[in-house]
Amino acid sequence: MLSDGEATELLSFLTLGTRADVKGQASEYILGLTGNRDGCRYLQSKPDCLKALVTLTSDPSIAIVKDCFHALINLSADETLHQPLVKETDLLTKLLPKLLDPEYVFADRICTILSNLSRHERTCKEVFRALQEQNIGLDRVVEIFCTEGFNKKASLHYLGPLLSNLTQLPEARNFILDKDRCVVQRILPYTQYEESSIRRGGVVGTLRNCCFDYAHHEWLLGDAVDILPFLLLPLAGPEELSEEENEGLPVDLQYLPDDKKREDDPDIRKMLLETLILLTATRAGRDIMKNKNVYPIMREFHNWETDPHVVSACEKLVQVLIGDEPEEGMENLMEIEIPKDVEEKLKELDAKEQEQIEKDIQETEKNQNESPQGLER
């Protein structure tokens with residue numbers, strides 16, 4: 001690593017007024033440092049270098065700006081750098097307004113940095129606060145996200161994970177779930193957005209986080225939102241169901257074509273299942289999902305799925321759908337207080353299940369042609 005004297009000399013080159021070739025070499029060197037953890041941790045103790053990187057995102061040279069954004073993406077991927085980047089620089093103040101520029105060529109890099117910074121709750125709160133202070137707000141973020149081609153030079157797909165991360169905060173969930181804003185209805189179609197798994201995953205993660213607020217479940221499952229088809233369609237395949245099973249399903253899931261494909265990303269499939277599981281937390285939610293005939297879709301999905309983690313999530317959902325109702329006073333699964341001894345046993349069972357899943361993964365890799373045991377028709 002650089003000595004203090006060398007670091008001071010390097011910093012003197014990282015200014016807007018420095019000659020372009022010298023400045024370019026200095027920014028390239030910093031980028032190299034951020035390529036590994038030791039380099040990132042070294043820069044953690046150099047707030048002036050971090051400030052200089054942020055300042056140079058406004059440099060006239062595209063090459064230098066690109067290096068600085070690349071370095072900031074690397075730094076923001078390291079959780080230990082989150083607070084220094086937010087507290088020691090004016091990163092949020094400088095970068096957030098550029099999201100509003102439909103011509104800004106580096107908008108995707110800004111989205112990636114914001115997505116990285118908002119992963120953990122503490123810095124997520126800082127990002128959310130900065131959005132409010134910059135008079136951008138979550139409503140503008142959603143507006144940009146839902147406006148196809150808002151930026152002709154950037155896809156803005158990483159606004160999806162940013163929304164997902166922000167909804168770990170109650171105030172962000174309250175905004176998304178505001179019945180008068182129709183935000184949920186606007187983002188639902190993106191659960192099937194073919195062009196980007198990043199955008200799809202971000203929206204599914206947002207919906208999953210919002211479903212932790214069980215007071216909204218009936219509204220989400222009701223006609224005002226009708227969330228169920230948007231969660232089930234990515235999990236439904238081309239398998240032929242009986243006449244009776246088809247007629248019990250929501251219209252969008254009836255008689256699907258022979259070329260119907262399922263979501264190809266296992267992480268997104270798992271999040272979809274986790275969202276459905278959350279929606280079964282209340283008696284009303286379970287009744288709606290049983291009446292909408294969710295089980296046949298899950299049965300065929302279980303027969304098709306090969307990823308052990310996703311299979312496990314599917315089986316948890318099926319157990320709720322076909323199992324007996326909890327006894328009186330325990331209908332809301334989110335309000336049940338679990339005794340400590342039971343909680344410890346559940347943790348042990350989870351650990352054993354995880355161990356079994358890892359064994360299953362190894363077994364699957366040995367024999368790719370082995371099919372999972374199907375659910376009962």
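Let me start with Arg173, which, if we leave out residues up to four places away in sequence, touches Thr167, Gln168, Asn209, Cys210 and Asp213, where contact means heavy atoms within 4.5 Å. Arg173 has its place in helix H12, residues 170–176, and helices here are DSSP runs of H or I of at least four residues, strands being E runs of at least two, numbered from the N terminus. With a relative accessible area of 13%, Arg173 is buried, a label that stands for under 20% relative accessible area, with exposed being over 50% and partly exposed in between, for a 1.4 Å probe and protein chains only.

Before I go on, a word on the basis of all this. This is a predicted model, in which local features need pLDDT of at least 70 and side-chain atom pairs count only at pLDDT 80 or more, while totals for chains, interfaces and linings use all residues. Residues are numbered from 1 along each chain as its sequence is written, and side-chain values use heavy atoms, with hydrogens and water left out.

As for confidence, pLDDT is the predictor's confidence in each residue, from 0 to 100, and the protein chain averages 89, with 85% of the residues scoring at least 70. Residues 368–372 have a pLDDT below 50, and that stretch has 4 contacts in the model beyond near neighbours in sequence. Where pLDDT is low, the predicted coordinates should not be read in detail.

Now the overall picture. The secondary structure of the protein chain comes to 22 helices and 0 strands, and of its 377 residues, 48% are buried. If we take contacts between residues at least 6 apart in sequence, 72% of them join residues at least 24 apart.

Which residues of H11 are buried? They are Leu159, Gly160, Pro161, Leu162, Leu163, Ser164, Asn165 and Leu166, and since this is 8 of the 8 residues of H11, the helix is largely enclosed by the rest of the structure.

His157 is found in the loop between helix H10 (137–146) and helix H11 (159–166), and at 16% relative accessibility it counts as buried. Leaving aside neighbours within four places in sequence, His157 is in contact with Asp108, Tyr193, Ser196, Ile198 and Arg199, and its C-alpha lies 8.5 Å from that of Gly202, a residue 45 places away in sequence. Leu156 is found in that loop between H10 and H11 as well, and counts as buried at 3% relative accessibility. Phi of Leu156 is near 60 degrees, a positive value in a residue other than glycine. Asn293, in the loop between helix H19 (283–291) and helix H20 (294–304), also has a positive phi, near 65 degrees. Most residues other than glycine have a negative phi.

I turn to helix packing. Two packed helices are described by the angle between their axes and the distance between the axes; here axes are lines fitted to C-alpha atoms, for helices over the stretch in contact, and angles run from 0 to 180 degrees between N-to-C directions. How do H5 and H8 pack, and at what angle do they cross? The axes of helix H5 (residues 62–76) and helix H8 (residues 107–117) come within 9 Å and cross at roughly 15 degrees, which makes H5 roughly parallel to H8, given that angles under 35 degrees count as roughly parallel, over 145 as roughly antiparallel, 65 to 115 as roughly perpendicular and the rest as oblique. On the H5 side the contact is made by Lys66, Phe69, Leu72, Ile73 and Ser76, and on the H8 side by Arg109, Ile110, Thr112, Ile113, Asn116 and Leu117.

H5 has another partner, helix H2 (residues 20–33), and these two pack at an angle of about 20 degrees with their axes 9 Å apart, so that H2 is roughly parallel to H5. The contact is made by Ala20, Lys23, Gly24, Ser27, Glu28 and Leu31 of H2 and by Ile64, Asp67, Cys68, His70, Ala71 and Asn74 of H5.

Finally, Leu16 is found in the loop between helix H1 (4–13) and H2, and at 43% relative accessibility it counts as partly exposed. Leu16 touches Lys23, Thr55, Leu56, Ser58 and Asp59, not counting residues up to four places away in sequence.
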